[in-house]
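Try each task before you read its solution.

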Amino acid sequence: MLYRENGQFKTTYLADQQIFPIRQDRIFVLLLLAFAFIGVPLLASDYLLRAILIPFLILSLAAVGLNVLVGYCGQISLGTGAFMAVGAYAAWNFGVRIPAMPLLLQIVLGGLCATVVGVIFGIPSLRIRGLYLAVATLAAQFFVDWAFLRIPYFTNYSSSGNVSVPLLTVFGLPVQNAMQKYLFVLALVCVFTLLVKNLVRGAVGREWMAIRDMDVAASVIGIRPMYAKLTAFAVSSFIVGVAGALWGFIHLGSWEPLAFDLTRSFQLLFMVIIGGLGSILGSFFGAAFIVLVPVLLSNIPGMLGLPLAVDTASHIEHMVFGALIVTFLIAEPHGLARLWSIAKEKLRLWPFPY
């Protein structure tokens, strides 16, 4: 009976356009953010921050960017790992060439470089769609992998192809230990997620969804397919590039091109599909599923006292993980975000049967 919108009237257009129109949702989100910014740094261990929460936040941001393209605009992409790599290497090169450049500016410029590459490889979407577009974006993955492996300039002529970042500071404040890195990543994820949420709620987002549902009908009513598709590629690549820079600078610290290979692209696509296409919240659900479930499965044999060899436990983990993915997709093809929506609808009607 506590989750009701009865009596919550909207008297202005601004109130009608709120992201969370129900007061209980706003309170819940504020409490969740307060716990994330205050409670988690006080309670979480370094292992939890470094191995689980920071990767979860960065991959959630990358999934949000991919969801803009796949979920909201309907353009299939298999080159997300390539755009992450462009963002990471571009940000690192800006720092190497201009040592006095601030970290935030490096990350933003890395995202802009990923935007340029994403728009270039998004041009084929003006003529092709579906699996053909997926193959075109797959070419971006192969090309970027080759470029960072074979062109020494991108790695500052490193003999091994491996690059490392120096000690990080933001506005004179160090970003070195696990808590500082977690708060920095959390702040950026909140800012960019809010920007994307407002984009998809506005005119640009409605154009993307019209193209996704039926591009021919969208062009008939005055929507420009070229503008809508390329803006989707641009926004998606920028967010993914920022996530790639965070992945390299904050999570890895030192990396090589294989850190952003085709496996990373498939991983992000699975996050979007499992979490829910066309849902910002689903991107976080999908990232949580991909990051947390393998950790839980790897620890279950030890919790139960089962003596399993490392390779056997790894094989069982992959089998169970794949089975869980198939089960979720069969039970709810629209992803975990749809299950969350159904639960909220039932809670709003409880205890009434209708």
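The exercises below go from the whole chain to single residues.

A word on conventions: this is a predicted model, in which local features need pLDDT of at least 70, side-chain atom pairs count only at pLDDT 80 or more, and totals for chains, interfaces and linings use all residues. Residues are numbered from 1 along each chain as its sequence is written, and side-chain values use heavy atoms, with hydrogens and water left out.

**Exercise 1. Describe the overall build of the protein chain.**

Step 1: Start with secondary structure. The protein chain has 14 helices and four strands, taken as DSSP runs (helices H or I, at least four residues; strands E, at least two) and numbered from the N terminus.

Step 2: Turn to dimensions. The C-alpha trace spans about 70 × 60 × 45 Å along its principal axes.

Step 3: Of the 354 residues, 45% are buried (buried is under 20% relative accessible area, exposed over 50%, partly exposed in between, with a 1.4 Å probe and protein chains only). Among contacts (heavy atoms within 4.5 Å) with a separation of 6 or more, 75% join residues 24 or more positions apart.

**Exercise 2. Find the salt bridges and describe the partners in each.**

Step 1: Apply the criterion, a side-chain nitrogen of Lys or Arg within 4 Å of a carboxyl oxygen of Asp or Glu.

Step 2: Take lysine 344 and aspartate 25, whose side chains meet at 3.5 Å, N to O. Lysine 344 belongs to helix α14 (residues 336-349) and aspartate 25 to helix α2 (residues 23-43), so this pair ties together parts 319 residues apart in sequence. Lysine 344 is partly exposed at 27%, whereas aspartate 25 is buried at 13%.

Step 3: Move on to arginine 212 and aspartate 213, with closest N and O atoms 3.2 Å apart. Here aspartate 213 is exposed at 56%, while arginine 212 is partly exposed at 33%.

Step 4: Finish with arginine 338 and glutamate 345, which meet at 3.8 Å, N to O. Arginine 338 is partly exposed at 34%, and glutamate 345 is partly exposed at 38%.

**Exercise 3. Is threonine 80 buried or exposed, and which residues does threonine 80 contact beyond its sequence neighbours?**

Step 1: Locate the residue. Threonine 80 sits in helix α4 (residues 80-97).

Step 2: Check accessibility. With a relative accessible area of 2%, threonine 80 is buried.

Step 3: List the partners. Setting aside neighbours within four places in sequence, threonine 80 contacts Leu66, Val240, Ser265 and Leu268.
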